[in-house]
Amino acid sequence: MTPTTIEPTVPAALIRALEERAFNAWPARQTVFHRGWVFRLSGGYTKRANSVNALLPGAPFDGVREAAAALYARHGLPAVFRISPLAPPEADQELADAGYQHFDPSLVLHRPLALGSVGKPDGSTHISTTPTAAWLEGFAAANSVPTHHRALHNSMLDHIAHPAAFALQHDAQGQPVGFGLAVLERGAVGLYDLAVAPEHRGGGRGRALVTALLHWAAEAGAASAYLQVRAQNAAALGLYQSMGFKTAYGYHYRVPG
């Protein structure tokens, strides 16, 4: 499957619904709508929140590249395009012809969800509906979030409008080492920012994080779950597939130069 191919069993309406949820789960500081596309700006912190995305299947691309380049330049940012199956093929081709580089191919995975299908959490993961100071500080350290972006990161979390859960794990010394975020909207839960400190990987913490967040969501009434993962992350893909996730579609970025 190429990064922007819609699988025959995945309707465009589901792709659009998952895209909308992902935008809401990680809110941009500023949003500009342009002829079926959305320009997201957040001071340069994360590609997700600082990229151009198609909102409607096959939205016309004529003039979009130029409009985006001008708007992002006004804010001191490069125009980064996220190409999902909602974008028409000519968009990716035009960007390639203009010298935009193919970058970070990723997959969106999903699975049905019911309380009995998740398994019980093992007790290693604490769930909170607001991010604690330990979660914020530990996540920033584990993911090398630059100091000058930490206030912006915290602000984006504060602006999540839908119910959210923050998962936190500690090591034997009480230090935070595992982190995860879940956002519930319209009966589907999205898993984001799953991270385990490098020295604690490979011991089942990732599986425990996912299990705890899925259990929280199932208890809250979620009927399905989804997440995004880099296509080259074989370890994460193996974990998620073993937990019932299947590929819905792919996307990639186009970055200037």
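Predicted model: local features only at pLDDT ≥ 70, side-chain atom pairs only at ≥ 80, totals over all residues.
Reader: What is the mean pLDDT of the chain, and where is the pLDDT below 50?

Author: The mean pLDDT of the chain is 93, and 96% of its residues reach 70 or more. Over residues 1–7, however, the pLDDT is below 50, although this stretch has 20 contacts in the model beyond near neighbours in sequence.

Reader: How should I read the pattern of burial along a helix, and which residues of helix 2 are buried?

Author: The general idea is that an α-helix has 3.6 residues a turn, so residues three or four places apart point the same way. In this structure helix 2 spans residues 64–74, and its buried residues are V64, A68, L71 and Y72. Because these residues cover an arc of only 95° around the axis, they lie on the same side of helix 2.

Reader: Which residues are exposed on the other side of helix 2, and what covers the buried ones?

Author: On the other side of helix 2, A70, A73 and R74 are exposed. The cover over the buried residues of helix 2 includes strand 1 (30–34), strand 2, strand 3 and strand 4 (81–83). After helix 2 comes G76, with a positive phi near 70°.

Reader: Which residues other than glycine have a positive phi here, and where do they lie?

Author: As background, most residues other than glycine have a negative phi. In this model T46, which is not a glycine, has a positive phi of about 70°, and T46 lies in the loop between strand 2 (37–41) and strand 3 (52–54). R186 is not a glycine either and has a positive phi of about 50°; R186 lies in the loop between strand 8 (176–185) and strand 9 (188–196).

Reader: What is the relative accessibility of T46 and of R186?

Author: T46 has a relative accessible area of 24% and is partly exposed, while R186, at 48% relative accessibility, also counts as partly exposed.

Reader: Turning to the pockets, how much space lies in the largest pocket, and which residues are closest to its centre?

Author: The largest pocket holds about 1,200 Å³ of space. Its lining has 37 residues, of which D193, L194, Q228, R230 and N233 are the closest to the centre. Two or more residues of this lining come from each of strand 5 (101–112), strand 9, helix 6 (205–219), strand 10 (224–230), helix 7 (234–242) and strand 11 (246–255), and the largest share, 6 residues, comes from strand 9. By class, the lining of the largest pocket divides into 19 nonpolar, 10 polar and 8 charged residues.

Reader: Which residues line the second largest pocket, and which element gives the most to that lining?

Author: The second largest pocket, with about 180 Å³ of space, is lined by E20, F23, N24, P27, A28, T31, F33, V38, R40 and L55. Helix 1 (12–25), strand 1 and strand 2 are the elements that give two or more residues to this lining, and helix 1 gives the most, with 3 residues. The lining of the second largest pocket has 6 nonpolar, 2 polar and 2 charged residues.

Reader: How many cavities of 30 Å³ or more does the structure have, and what lines the largest cavity?

Author: A search of the whole structure finds 1 cavity of 30 Å³ or more, and about 60 Å³ of space lies in the largest cavity. The residues that line the largest cavity are A22, F23, R40, R48, S51, N53, R82 and Q228, and by class they are 2 nonpolar, 3 polar and 3 charged.

Note on methods. Residues numbered from 1 in each chain as written. Heavy atoms only, no water. Helix = DSSP H or I, 4+ residues; strand = E, 2+ residues; numbered from the N terminus. Buried < 20%, exposed > 50% of the residue type's maximum accessible area, 1.4 Å probe, protein only. pLDDT = per-residue confidence, 0-100. Contact = heavy atoms within 4.5 Å. 1 Å grid on protein atoms, 1.4 Å probe; cavity = no way out; pocket = protein on both sides within 12 Å on 5 of 7 lines; lining within 4 Å. Points joined across faces, edges and corners; volume = space filled by probe spheres on them. Nonpolar A, V, L, I, M, F, W, Y, C, P; charged D, E, K, R; others polar. Arc of directions from axis to C-beta.
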